Amino acid sequence: MMHPRRWAARLALLLLPWLAPLVQAMEVPSVAAASSLQFVFPELVAAYRDETGNDVRVNFGASGNLSRQILQQAPFELFLSADEANVRVLEEAGLTEGASRVYAVGRLVWLQARGRGALPSAEAPLEAVREALAAFEDGAGRPRLALANPEHAPYGVAARQALRHAGLWAPTAGLRVLGENVSQAARFALADEARGGLVAYSLALAPRVAEHADHVLIPADWHAPLVQRMALIDGAGEGARAFYAWLQGVQARAILARRGFQPPARDDAS
């Protein structure tokens with residue numbers, strides 16, 4: 001009769017081919033990422049996988065909502081916010097590990113479906129909003145204006161600031177439709193009843209959006225800078241640490257730049 005210890009060793013060897021994939025799957029980091037990254041993130045993960053052989057699991061959402069989930073102990077290991085404030089909240093709560101990093105600076109655009117009227121000029125990028133407001137006041141329908149909810153989406157905050165800059169925030173109260181996040185706002189902007197919307201530049205450049213829509217950049221000084229910061233969450237594993245480091249490298253920044261994000265104005269760690 002085989003000794004129990006020897007039998008256990010042989011059983012472990014027999015099970016190893018089936019157990020190995022399970023062990024590897026547990027090491028895939030869980031990442032929370034702002035919705036403005038929805039179309040660029042697959043490219044980032046693919047490049048990371050090609051270079052390292054490692055994978056990443058990601059959940060997208062409004063930065064404020066993701067931050068609240070982490071405060072409530074959601075099992076994320078890395079958080080990429082569309083702003084700095086939601087990372088600072090986690091830092092103050094003692095839920096981050098090490099230094100956080102600015103990974104990109106976003107831009108806001110006016111987005112509209114192709115053929116939905118004249119595209120505003122760079123000099124007057126919100127002219128379509130004024131046209132929609134005039135049509136509404138004349139009783140010619142209610143063309144919707146889409147933006148992300150400013151209560152928890154940084155791009156929604158920037159949209160509100162841009163509309164206020166142009167004197168259009170209060171007058172458009174009856175026309176605005178709010179997306180839960182900026183990705184949903186982009187879908188609302190292209191809906192049949194919408195004149196357009198204010199969304200992330202990165203979403204406007206996505207091939208499946210650009211195929212059917214046009215956009216114009218909103219001047220950067222019409223709203224607070226969309227400085228996007230990321231941080232490791234306390235207890236993050238080695239997989240999350242490796243991906244966090246890779247995102248600070250040349251290849252990741254080149255991909256982000258190609259998809260509408262400016263490089264960090266400063267390479268700080270704080």
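Residues are numbered from 1 along each chain as its sequence is written, and side-chain values use heavy atoms, with hydrogens and water left out. In this predicted model local features need pLDDT of at least 70 and side-chain atom pairs count only at pLDDT 80 or more, while totals for chains, interfaces and linings use all residues.

Student: How many helices and strands does the protein have?
Tutor: Both are DSSP runs, numbered from the N terminus: helices are H or I with at least four residues, strands are E with at least two. Under that rule the secondary structure comes to eleven helices and ten strands.

Student: What share of the residues is buried?
Tutor: Buried means under 20% relative accessible area, exposed over 50%, and partly exposed in between, with a 1.4 Å probe and protein chains only. The protein has 270 residues, and the buried share is 48%.

Student: What share of the contacts with a separation of 6 or more joins residues 24 or more positions apart?
Tutor: Contact means heavy atoms within 4.5 Å. Among contacts with a separation of 6 or more, the share from residues 24 or more positions apart is 77%.

Student: In what order do the strands of the sheet with β1 run?
Tutor: Two strands pair if DSSP finds at least two bridges between them. This sheet is open, has five strands and shows mixed pairing; the order is β2-β1-β3-β10-β4.

Student: Which strands stand at the edges of that sheet, and why is one side of each left without a neighbour?
Tutor: Each edge strand has a single partner strand, so one side is left without a neighbour in the sheet; the two are β2 (57-61) and β4. Axes are lines fitted to C-alpha atoms, for helices over the stretch in contact, and angles run from 0 to 180 degrees between N-to-C directions. With direction ignored, neighbouring strands here are turned against each other on average by 20°.

Student: Which residue in β2 is the bridge partner of A33?
Tutor: β1 and β2 pair in the parallel sense, over five bridges. The partner of A33 in β2 is F60.

Student: Why is β10 called largely enclosed?
Tutor: Strand β10 covers residues 226-233. It is largely enclosed by the rest of the structure because its buried residues number eight of the eight.

Student: Is T96 buried or exposed?
Tutor: T96 is in strand β4 (residues 96-106). Leaving out residues up to four places away in sequence, T96 touches L90, E91, A231, L232, I233 and D234. Its relative accessible area is 17%, so T96 is buried.

Student: What is the order of the sheet with β6?
Tutor: This open sheet has five strands and mixed pairing, in the order β7-β6-β8-β5-β9. β7 (176-179) and β9 (213-217) stand at its edges, each with a single partner strand. Neighbouring strands are turned by 25° on average, direction ignored. Between β6 (residues 144-148) and β7 the pairing is parallel, over four bridges.

Student: Which helix packs on this sheet?
Tutor: The helix touches β5 (108-113), β6, β7 and β8 (194-200). Its direction makes about 155° with that of β8; the helix, residues 182-189, is α7.

Student: What volume does the largest cavity have?
Tutor: A cavity is a set of points on a 1 Å grid over the protein atoms alone where a 1.4 Å probe fits but cannot get out; lining residues have an atom within 4 Å of a point. The whole structure has three cavities of 30 Å³ or more. A volume is the space filled by probe spheres set on the points, which are joined across faces, edges and corners. For the largest cavity that gives about 50 Å³.

Student: Is S36 buried or exposed?
Tutor: S36 is one of the residues lining the largest cavity. S36 lies in the loop between β1 (30-34) and α2 (41-52). Its relative accessibility is 2%, so S36 counts as buried.

Student: Is Q73 buried or exposed?
Tutor: Q73 is in the loop between α3 (63-71) and β3. Q73 has a positive phi of about 75° although it is not a glycine. With a relative accessible area of 61%, Q73 is exposed.

Notes: On a 1 Å grid over the protein atoms alone, a cavity is a set of points where a 1.4 Å probe fits but cannot get out, and a pocket is an open set with protein on both sides within 12 Å along at least five of seven lines; lining residues have an atom within 4 Å of a point.
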